[in-house]
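These notes cover the two chains, how they meet and how each is built. They are set out as numbered points.

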Protein chains: 2
Amino acid sequence: MSDSIRIAAPATVSNVGPGFDLMGFALEQPLDILKVKRNKQNTIRIFNESDATIPLDPFKNVSSVAIKSLLDTLQINEGFDLIFEKKINPGSGIGSSAASCTAAVYGVNQLLGKPMETESLIDSALAGEFIASGSLHADNIAPALLGGFILIRSYNPIDIIKLTYPKNLVCTLVHPDLVINTKESRKLIPEKIELNASIAQSGNIAALVAGLNTNNYALIGRSLIDKIAEPHRSKFIPGYDILRKRLSDCGVLGMNISGSGPSVFALSDNPETAAKAAKIMEDTFLENNIKSVTYVSGVSQVGTRVLD
Amino acid sequence: MSDSIRIAAPATVSNVGPGFDLMGFALEQPLDILKVKRNKQNTIRIFNESDATIPLDPFKNVSSVAIKSLLDTLQINEGFDLIFEKKINPGSGIGSSAASCTAAVYGVNQLLGKPMETESLIDSALAGEFIASGSLHADNIAPALLGGFILIRSYNPIDIIKLTYPKNLVCTLVHPDLVINTKESRKLIPEKIELNASIAQSGNIAALVAGLNTNNYALIGRSLIDKIAEPHRSKFIPGYDILRKRLSDCGVLGMNISGSGPSVFALSDNPETAAKAAKIMEDTFLENNIKSVTYVSGVSQVGTRVLD
């Protein structure tokens, strides 16, 4: 058995319009990379080989907290070095902490000879994600670990469903150079919502699943409506309403905020429209003097995996 | 063109667990029957040939209000006699008023030479349903008119989606001899709900659609949870919790209240379990000194239709 392994974990779009805390999908790119290595120190040590700012204190780093949870579950006491080659920036809204958590537990599970099924690693990964977001939401963790388009039916007990979806769905993603803190962003969401808003949210998430299951692109597009988070969070994304209008005019199926933002995603049924959407996103943020990075990516069937 | 026509409209189960105001399906039985006949009086007259109590005042009868709405839309001024052979009792929670509304507008549309597409009759049928329930909900009207398993994605504009579902899904329905008024029953539902309850409701309705679309019976069963109406309405159904336990033990996929009650439905994946469930329902209500009628029925692909 090797003592060292490199793991890749995909970026993920969570919430997906009406799927607040319930839906997410894995992207083909960007991918996060983490090297996991056994050490003889019986402790978890963190090394940062990327430009991203990450906590080096093992009690504050999501990956080490996730690994600690896994080792506790397995009742094993071993030491690991985590060497980060972060490609997904923390705070981007595309599952940076989720990718770090799933890569860490997946890597340690591999080095230990796979005592756990991949699906069972969810709980440990969630323990790590909790310290990043302050809430137990699996809509980044589950697709980052398992790939595909995920629905979380229930949290207690956790019930994760892999949805079927049209294979030529293309996601355009823009990460504008803005900082939104996930914990702060969650505080914007009221604790009670209007019954009518709740019913509308349910109608849209149910229709989104129906659209995904039956390759009904038009239905997918008109279901990408969020009554819970978007009205509060979009205010922190300059030019959001103009961007929505322009993307709609260019023919994307629909768009919304990725996770708690500031990243924004759009879904298209062809790569040409998706590429046009990327240009529109970049230009619209530039008009607001905000630089951005865009990605055009399919939905990844593969989640966290061994790289080499 | 004939001057008289008999129309059949199916009973319907609405809400369907997590689908409050959003989901419903048509039953193969019971069927409501309505005879629609032209008259020369330029008015709508109501005749009751059934044991059911229905309003004979055309301004208070759901069918005549629905027809009035249709005639206004078509800018036609003609008279019709409605001869009711009600087989679905008003106040049963299985779409009695919806069946009356859809039969009426479907019949008049036929007698007028089909100036409207069937799907476009929804709005007029809803105008009738409104006076029965005090709210514009289409989760009985849409399946009664169109058949099948229906999702209403949105009310404004109205967006009705026919869901695919497993063909051997069997519904057991019990109508206990209890009176629950739909308008009063709606008042039990709070105007604001906890965010967590809303998220749970969304997770279950999305999973129910995924289960229906992919013939995943277990998923259908565990998604039949309602966080909005059931906790309030089940209190008015004696023995409800015991009934739930017994039905679960007998192997049904899941159960819940049909519409605003007092009828209760259970879904099974085979007719034997569905028949056992009927016996359990009847026995449990009898223990509470309540007589009941039960039905075991497939989901009807056909909605409102010409009988003869």
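1. Which residue of β8(B) does Glu194(A) stand opposite? Glu194(A) stands opposite Lys192(B). The two strands concerned, β8(A) and β8 (residues 192-194) of chain B, pair in the antiparallel sense over three bridges. Pairing here requires that DSSP finds at least two bridges between two strands.

2. On provenance: this is a predicted model, in which local features need pLDDT of at least 70 and side-chain atom pairs count only at pLDDT 80 or more, while totals for chains, interfaces and linings use all residues. Residues are numbered from 1 along each chain as its sequence is written, and chains are lettered from A and ligands numbered from 1 in the order in which they are written.

3. The contact between the chains takes 33 residues from chain A and 33 residues from chain B, two residues being in contact if their C-beta atoms, placed from the backbone, lie within 7 Å. On the side of chain A that touches chain B, the elements giving two or more residues are β5 (149-155), β6 (158-163), β8 (192-194), α6 (195-213) and α7 (217-223) of chain A. α6(A) gives the most to that side, with 14 residues. By class, this side of chain A divides into 18 nonpolar, ten polar and five charged residues. The classes are: Ala, Val, Leu, Ile, Met, Phe, Trp, Tyr, Cys and Pro nonpolar; Asp, Glu, Lys and Arg charged; the others, Gly among them, polar.

4. On symmetry, chain A superposes on chain B by a rotation of 180° with 0.0 Å of shift along its axis (RMSD 0.0 Å). The two copies are thus related as by a two-fold rotation axis.

5. The C-alpha trace of chain A spans about 60 × 40 × 35 Å along its principal axes. Of the 308 residues of chain A, 54% count as buried. Buried means that 20 or more other C-beta atoms lie within 10 Å of a residue's own, with C-beta atoms placed from the backbone.

6. Contacts between them involve 26 residues of domain 1 of chain A and 35 residues of domain 2 of chain A. On the domain 1 side, β1 (4-14), β2 (23-39), α3 (122-133) and β5 of chain A each supply at least two residues, and β2(A) gives the most, with four residues. This side of domain 1 has eleven nonpolar, 14 polar and one charged residues.

7. In chain B, nine of the eleven residues of strand β1 (residues 4-14) are buried, so the strand is largely enclosed by the rest of the structure. Ten bridges join β1(B) to β2 (residues 23-39) of chain B in the antiparallel sense, with Ala9(B) opposite Asp32(B). β1(B) also runs antiparallel to β12 (residues 305-306) of chain B, joined by two bridges; there Ala8(B) stands opposite Arg305(B).

Technical notes
A residue is buried if 20 or more other C-beta atoms lie within 10 Å of its own, exposed if 12 or fewer, and partly exposed in between; C-beta atoms are placed from the backbone. Copies are superposed by least squares on the C-alpha atoms of residues with pLDDT of at least 70 in both.
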